[in-house]
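Here are a few notes from a look through the model you sent.

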Amino acid sequence: AERLDAYSQAVASTVQQAGPAVVHIQARSEKKGQGGSGSGFLISPDGFVMTNSHVVHGADEVRTQTPDGRESRAEIIGDDPDTDLAILRIDLPDLHHLGFADSEKIIVGQVAIAIGNPLGLDNTVTAGIVSALGRTFPARTGRLIDNVLQTDAALKPGNSGGPLLDTRGRVIGVNTAIIPVAQGICFAIGSKTAEFVASWLIKEGRIRRGYIGVA
């Protein structure tokens, strides 16, 4: 510890604390004859995993692997493409899980740490800062996701669904998108949105939304 500066200590301690809760996700669709991979993180000791909807949407089989090498088949509990979030459940003992920070108390410039599996490289850590707050980002359904965080913590394909953390090891966002031609511009769904969506997906498997029909 004496050989590390304060920034390095903060990042290293966060990774040690949060890393065991981040899982590698493999999803496969038999109908489409294709598969993909991404990241996720445990949000409860009984096996609930949060990830992005686009990682698992339409998958017939989903498997996860924990950092200690344990594999498990995952059940899709709920999927909400409108916020690009999904909840899985795995059946393994002694699971480490993460808590959510209040994303309304995040400030621009604070340290942001991402853990995930970019390009299939397990347990990769990147760090940066929160670059901006209150961004709006379109989901694949066309609906706009509000209160999105912008970060310059380097993200690549495969980071999707992994956690964006503060230096206390709490989730401030769910990594969801990058702008490929703009290095250092990455986006995460705010923790307040993620926590709200997770509670309803666990309870009902979907989000009920009001709408207006006009003819």
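1. Leaving out neighbours within four places in sequence, Asp 166 is in contact (heavy atoms within 4.5 Å) with Thr 14, Ala 101, Gln 110, Val 111, Ile 113 and Ile 172. Before you read on: this is a predicted model, where local features need pLDDT of at least 70, side-chain atom pairs count only at pLDDT 80 or more, and totals for chains, interfaces and linings use all residues. Residues are numbered from 1 along each chain as its sequence is written, and side-chain values use heavy atoms, with hydrogens and water left out.

2. Asp 166 sits in the loop between strand 10 (163–165) and strand 11 (171–178); strands here are DSSP runs of E, at least two residues, numbered from the N terminus. With a relative accessible area of 5%, Asp 166 is buried (under 20%; exposed is over 50%, partly exposed in between, using a 1.4 Å probe and protein chains only).

3. What does the side chain of Asp 166 reach at 3.0 Å? That is the backbone nitrogen of Arg 168.

4. Phe 41 and Phe 100 are edge-to-face, because their planes are at 70 degrees, with centres 6.3 Å apart. The two are 59 residues apart, with Phe 41 in strand 2 (residues 34–42). Phe 41 is buried, at 0%.

5. Phe 137 and Phe 187 make a tilted pair, 5.1 Å centre to centre and 40 degrees between the planes. Phe 137 is partly exposed at 22%, whereas Phe 187 is buried at 8%.

Note on methods
Helix = DSSP H or I, 4+ residues; strand = E, 2+ residues; numbered from the N terminus. Polar contact = N/O pair within 3.5 Å; in protein donor to acceptor, adjacent residues only side chain to side chain. Phe/Tyr/Trp six-rings, centres within 6.5 Å; stacked < 30°, edge-to-face > 60°.
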